[in-house]
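User: I would like to learn how to read the ring contacts in a protein structure. Could we go through them step by step?

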Amino acid sequence: MFRGCRVLHSNGAGATIGRSTRLNRGFKATAICGLAQEVSDGTYAPLQERLAQIDTERPFSPFLVDTFQRRHNYLRISLTERCNLRCFYCMPSEGVELSPRDHILTDDEVIRLAKLFVRSGVTKIRLTGGEPTVRKGLGDIVARLNGLRQLGLESVGMTSNGIALERRLPLLVENGLTHLNLSLDTLDPFKFEIMTRRRGHEAVLRCLDAALASGLQSVKLNIVVVQGLNDHEVLDFLELTRNKELSVRFIEFMPFTGNKWDKCKMVPSTQLLTRIRQRHPNIAKAPDELNDTARSYIIPGYQGSFGFISSMSDHFCSSCNRLRLTADGQIKVCLFDAKEISLRDRMRAGATDEELLQTIGFAVQGKKAKHAGMEDIDVVTNRPMILIGASVNVAVTPSRRGASRSPMRRPTLFHARPVLLRPPSLAAHSFSTKGPSASDAGNPNSRLTHLDDSGRASMVDISNKEPTKRRAVATGRIYIPAIAYELVTTTYAAADPGEPIPAEQLTPLEKAKAKARSKGDVLTVAKLAAIMACKRTSDLIPLCHPLQLTHIAVTLQPEVHRSASGSSASEAPQYPAAVSDSDVGTTCQERGVDRTRFSIQCRADVTCEGKTGVEMEALTAVSIGLLTVWDMLKAVAGQEMTIGDVVVSRKEGGKSGDFQRVQSR
């Protein structure tokens, strides 16, 4: 619910403006409170007009609007990957690997990006971690963010576990902190140690009391509910709201890398609401803040409220207005999407604010309508929660993550490797260029790598592999008739200044040629398609992990294949790319006396620094490049073209060693 817009009585007598609006939140806060009262009173007529008035208060950058017209005015900034707790649901039991210190955004970089987002329409910033209080200079960062109010920023919030916050809180509030979310999953000190693997329960409770007395506009308590562990404490948490202006929010247990998520451990919010209604049958739905993640309720006679964040059982993707900036400078458009783009690398490569904004816009445009279902969320390539900066606080074990990443890599949403536990290029492919040997026949380990012991499809676990330089070269051909070859290899005629030839006077062949040429340059379009497909291999091949590719080179070369008897001297200058039939295997087909054959060869050379090869990426590039040629030429040669000879011709790096295909003569 929106704090300060609480319904006083069930008879709809009105709403009161509480602490959140007594501390000047400006026009928008007042307007939203008014909207809340209109909804509670049942007067919906002015609603759209008032919303439009709020939206036009200042310009909103189109770079923050996705393809589903969602406006992203809320930025969550992770200040650190470190934490002073070890919460089991956020961190793998084996720990996580931290980014090198020089990969973490500096204070100036954080402020520069925050300023850019605020100028573009962001009105709300929340600082997260890891645990943000372990970041040096936190007070100064809050003060500098508070200085962005003149550009339109309305609130500076923070999510913390409260362990080390109590003494720092007065300075943070003085410097401009307006909202605080505390994480506390149990009221039992002993269970607290089990869940966080650390002591500090009393410190969190003291911090909660200090926060409620500090003058903050909003104080919320986040509880991750786990079946059989703390779900029976829900009613106890509600009692905290009886005499305190506190919003308690129950969060469904969410799947992240390494947290051993199980659907049986997740308690749906509807189930919790049913339990609460049994104790408090008169609970009332509270008006929620616009774009709020929580469905909020009020218990009559209680000062506070409670709500549910139902990311799994009842997602709120359609109204999502959030973007995330990780501590190492990656922009994430969705908590459950592994795709990322590095704004840090772009800044350090000298990008202007306009160029950064274009990169942000590219990422926002790639945001999906909704995240995957609870059982389909990517928990292999996505980060653990500790490395994202989610709404609950988490824990960390130090090491080195991402040390091999190039600071100059080009940002792209489709092949950007998420910064995970180790250096970036996690991937698993079923393709192998190493043929089976005689000794493999009786080897029980000689099996398809993408099948588990029960024969079901499964991603290959390559977490224990060391990253190395990988390279793969793939080639393939599309065989085309002479008329298609002529279209590809001849330049377009200059525009005729005379009268154009009427369409009815064109022969069928001329019409087909005109249609093919109207699509544009065949080889250029096919090359672009091949590069784009290479970047999106993991989206096309289900069990491939997204890779951080460092180089993609695609060439398409028209060829003429002469018969074994050779060609006359007059043919040589006409077809300078002519090669012998023996160079292309047995794919060519005879067509009467004239045995000259035409083709276009596509070659893709792909490299990366990672734990697995890029053969699939090279093969995908070649395949899509050739299919694009087919599509471009089908008007004149749709029934005569043949695609073939798609192979990996070279592979470097990896456990199986280097490989080069020997061409038969």
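Analyst: Let us begin with charges: a charge sits over a ring if NZ of Lys or CZ of Arg is within 6 Å of the ring centre and within 35 degrees of the ring normal. Here K124 lies over the face of Y74, at 4.5 Å from the ring centre, and K285 lies over the face of Y297, at 5.5 Å from the ring centre. This is a predicted model, in which local features need pLDDT of at least 70 and side-chain atom pairs count only at pLDDT 80 or more, while totals for chains, interfaces and linings use all residues. Residues are numbered from 1 along each chain as its sequence is written, and side-chain values use heavy atoms, with hydrogens and water left out.

User: How many aromatic pairs does a search of the whole structure find?

Analyst: Rings of Phe, Tyr and Trp (its six-membered ring) pair if their centres lie within 6.5 Å, and planes under 30 degrees apart count as stacked, over 60 as edge-to-face and the rest as tilted. The search finds five such pairs. In one of them, the ring centres of F250 and F308 are 6.0 Å apart and the planes stand at 35°, so the pair is tilted. F306 and F308 also pair, edge-to-face, with 5.8 Å from centre to centre and 85° between the planes.

User: Which residues form one aromatic cluster, and is F306 buried or exposed?

Analyst: The cluster is formed by F250, Y297, F306 and F308. Buried means under 20% relative accessible area, exposed over 50% and partly exposed in between, with a 1.4 Å probe and protein chains only. F306 counts as buried because its relative accessibility is 1%, and F308, at 4%, is buried as well.
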